[in-house]
Amino acid sequence: MVKFGTFLQRELKLLARQKSDWLNPVLFFIIVLTLFPLGVGPEPNMLRTIAPGIVWIAALLSVLLAAERLFKDDYRNGVVEQLVATRHALLSFVLAKIISNWLSTGLPLVLLSPVVALLFNMELASFQAMAITLLLGTPVLSLLSVLGAAITVSADKGGILLALLILPLYIPLLIFASSAIEAASMGLEYIGQLAILLAIVLFSLALVPMAVSSALKINVS
């Protein structure tokens, strides 16, 4: 736990210094959501209809925007190689990366959900569903983006490869999160969708950190 705390403190300091790493995804999310109402018009029913898919596509792309650089600097500076060579707890390093990534990209999207509700003229039930799905789903977005970054860390231009690897894994999350918001907008129960989202979160938490550690070891060897 001491190593984990040290790694997490290091990641948070890096985020404080490199503000573009977390500002760019947040600004991208806001810009995308602002452009859609301007493009399709201010008709309230239309905005409420497209809101579930647009919100989650914007969230997915904004998290993916920051993924490529997650391990690049540590890989080029030899930090990852040293952790693997000296048999340090690589898992603690990976967990610190995942948590800092969610704090810098996922959490701001959750906090921005009231603004999204105003932009798309969402009712209270839809807003609550959106906030809950973002709270459950953004950790999965961060986990999978970290996995993609670890797999493509040794590639010179891994952005396209990362997107091709990770985007298909986002599809179940996108389907059930959008479905929950849509069901809420129609006054239907969406507890089933939330249960599936929770299962996806737990499954990802159990497997992805170990997969990221293995991917980093393979890239270093």
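This briefing covers helix packing, salt bridges, a surface patch and selected residues of the structure above.

The model is predicted, so local features need pLDDT of at least 70 and side-chain atom pairs count only at pLDDT 80 or more, while totals for chains, interfaces and linings use all residues. Residues are numbered from 1 along each chain as its sequence is written, and side-chain values use heavy atoms, with hydrogens and water left out. The structure holds four salt bridges, and R10, E11, D74 and K97 are linked in a network of them. A nonpolar surface patch of about 560 Å² includes residue I30.

**Salt-bridge network**

- A salt bridge here is a side-chain nitrogen of Lys or Arg within 4 Å of a carboxyl oxygen of Asp or Glu.
- Side chains of opposite charge can pair when their charged atoms come close.
- R10 pairs with E11, with 2.8 Å between the closest N and O atoms.
- R10 is partly exposed because its relative accessibility is 28%, whereas E11 counts as buried at 5%; buried means under 20% relative accessible area, exposed over 50%, and partly exposed in between (1.4 Å probe, protein chains only).
- D74 also forms a salt bridge with R10, and the closest N and O atoms are 2.5 Å apart.
- This pair links distant parts of the chain, 64 residues apart: D74 is in helix α4 (residues 72–76) and R10 in helix α1 (residues 2–17).
- Helices are DSSP runs (H or I, at least four residues), as are strands (E, at least two), and both are numbered from the N terminus.
- D74 counts as buried, because its relative accessibility is 4%.
- The side chains of K97 and E11 meet in a salt bridge of 3.2 Å, N to O.
- K97 counts as buried, because its relative accessibility is 6%.

**Helix packing**

- Two packed helices are described by the angle between their axes and the distance between the axes.
- Axes are lines fitted to C-alpha atoms, for helices over the stretch in contact, and angles run from 0 to 180 degrees between N-to-C directions.
- Angles under 35 degrees count as roughly parallel, over 145 as roughly antiparallel, 65 to 115 as roughly perpendicular, and the rest as oblique.
- A crossing is left-handed if the near helix is turned anticlockwise from the far one by less than a right angle, and right-handed if clockwise.
- Helix α6 (residues 90–111) and helix α8 (residues 124–151) have axes that come within 9 Å and cross at roughly 140°.
- The α6 and α8 helices are therefore oblique to each other, and α6 passes α8 in a right-handed crossing.
- Helix α10 (residues 191–220) packs against α6 at an angle of about 115°, with the axes 9 Å apart.
- The α6 and α10 helices are therefore roughly perpendicular to each other, and their crossing is right-handed.
- The axes of α2 and helix α3 (residues 44–65) come within 9 Å and cross at roughly 155°.
- That angle makes α2 roughly antiparallel to α3, and α2 passes α3 in a right-handed crossing.

**Nonpolar surface patch**

- The patch is made by L23, L27, I30, I31, L35 and L38.
- Patches are made of residues with over 30% relative accessible area and no salt bridge; like charges are joined within 9 Å, and nonpolar side chains (Val, Leu, Ile, Met, Phe, Trp, Tyr) within 5 Å.
- Accessible areas come from the Shrake-Rupley method with a 1.4 Å probe, and for residues only the protein chains shown count as cover.
- I30 is found in helix α2 (residues 20–40) and is partly exposed, with a relative accessible area of 35%.

**The α7–α8 loop**

- N121 lies in the loop between α7 and α8 and is partly exposed, with a relative accessible area of 35%.
- N121 has a positive phi of about 55° although it is not a glycine.
- Most residues other than glycine have a negative phi.
- M122 is found in the loop between α7 (113–119) and α8 and counts as buried at 13% relative accessibility.
- M122 and A51 are 71 residues apart in sequence, and their C-alpha atoms are 8.0 Å apart in space.

**A180 in helix α9**

- A180 is placed in helix α9 (residues 159–185) and counts as buried at 0% relative accessibility.
- The C-alpha atoms of A180 and A89 are separated by 38 Å, and the two residues are 91 residues apart along the chain.
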